Amino acid sequence: MNSQRWMSRQFFSFFITWGIFLPFWTGWMIHTKGISVSQASLIMSLGLVARGLSTLFIFPFLSGKFSSKTLRTGMSIGTLIAILCYIPANSFAGLLAATLLLHLFYPALMPALDSAAGILVQNKQLKHYGKSRSWGSIGFVVSGMILTVFTGALGDQVILWALLLGMLVLVCLNFMRAPVILSEKPPANRSKKLGMLQLFRVKHFGIVLMIVILLQAAHASYYNYGYIYLQEIHAPKYLIGVIINIAVIAEIIFFLIADRSFQRFSVGSLLAFAALGSTLRWILVFAFPNVVVFCISQALHACSFAMGHYAFMKYLFKNMPPTQIPNAQGMYSALALSWSTAVFTIFGGYLYEIEPRYAFIGMIVCTIPSMLLALVYRKLDQQAGEQMETNK
């Protein structure tokens, strides 16, 4: 089968649902279940904690017991059941229980997909990771645009049914034929030999992980306060959705050209460029509080997020043993994409209350250290390469 097309379809299908859940789910709980903004925020924050626990511990453990195909199928079914639990839930406790259950399964599908891509790349069955991943970003944009039309016409209650339909399609896809290597069970003794701490024995993993944690944490203010900041600087309401999607479009373009245009760049160089682009992005937002400059800064999402993510994946494909990729993905998802964002959301919120622009410039406490670390890693990697050439 065509592994490139299969991987693209998987990314597209998952991110169709993620494009419904991430921007709309908090609003759906507030408007259709009648809870307050503070209650919804608490529920989603606790869900973020559960997400980190799931991707850091549960996902790597299950990856040592089941094949990639079985794991993705089981998690998608668990997600579908969790979404169904929202239908009868009408109290704070009921919605919290459903959210915690959802976050045990749903977010783990993201590292599961990247782990599957890693296995295919290392076995020469997936040539262009960036091209396949770009279909995920396309799915995210498409679902958001379509759902905006339907919510405008039918109300917020359609959000639940859209997510249910999207997840049902994903479950069906996961039951279909997949590349044979993804159906192979891991070695029976893998979980005994490969603990999470073993990752740090892989050359430079610790420093690379710290760089991407800082890079992803720097998006905390944008993810949580970007929408209200656009209102603060008097962006037209009908254009806010378009302005936010500029970042995703930039991400799509980067992933489409990354395999061809950045193949010769080292991981260290890519991480340094990502940190530089991120620093410039938040300086622009702070220094020029107007809609036009904010739109320009959105294009730098290609650096701050997409390039950083691509560099980390490139590092894993090159250095990480296939059996350790799920562990690495779980740690990345928990520490970089969940917990660090949660911590810096609190920091950004404190700064936002003082002055909205401070929430964005405050993120350079992440980006500047990440740039310095990236330059250190780049030098270490070059020295290791030179040493290897000398030994030959």
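Here is a short chat about reading helices and aromatic rings in a predicted model.

Trainee: What should I know about the model before starting?

Mentor: Since it's predicted, local features need pLDDT of at least 70 and side-chain atom pairs count only at pLDDT 80 or more, while totals for chains, interfaces and linings use all residues. Residues are numbered from 1 along each chain as its sequence is written, and side-chain values use heavy atoms, with hydrogens and water left out.

Trainee: What span should helix H7 have?

Mentor: Helices (H or I, at least four residues) and strands (E, at least two) are DSSP runs, numbered from the N terminus. The expected span of a helix is 1.5 Å times one less than its number of residues. For H7, residues 158-175, the 18 residues should span 26 Å, and the end C-alpha atoms are 26 Å apart, which agrees.

Trainee: Which helices do the buried residues of H7 pack against?

Mentor: Buried means under 20% relative accessible area, exposed over 50%, and partly exposed in between (1.4 Å probe, protein chains only). Contact means heavy atoms within 4.5 Å. The buried residues of H7 include Val158, Leu163, Met167 and Asn174, and the buried residues of this helix pack against H1 (3-33), H3 (68-85), H5 (109-122) and H6 (129-154).

Trainee: Where is the kink in H15 centred?

Mentor: The bend at a residue is the angle between axes fitted to the seven residues ending there and the seven starting there. In H15 there's a kink of about 35°, centred on threonine 341.

Trainee: How many aromatic pairs does the structure hold?

Mentor: Rings of Phe, Tyr and Trp (its six-membered ring) pair if their centres lie within 6.5 Å; planes under 30 degrees apart count as stacked, over 60 as edge-to-face and the rest as tilted. The structure holds 29 such pairs. One of them joins tryptophan 28 and tyrosine 86, edge-to-face at 5.7 Å centre to centre, with 80° between the planes. Tryptophan 28 lies in H1 and tyrosine 86 in the loop between H3 and H4 (92-105), so the pair ties together parts 58 residues apart in sequence. Both residues are buried.

Trainee: What lies over the face of phenylalanine 286?

Mentor: A charge sits over a ring if NZ of Lys or CZ of Arg is within 6 Å of the ring centre and within 35 degrees of the ring normal. Here, arginine 357 lies over the face of phenylalanine 286, at 5.0 Å from the ring centre. Phenylalanine 286 is partly exposed, with a relative accessible area of 25%.
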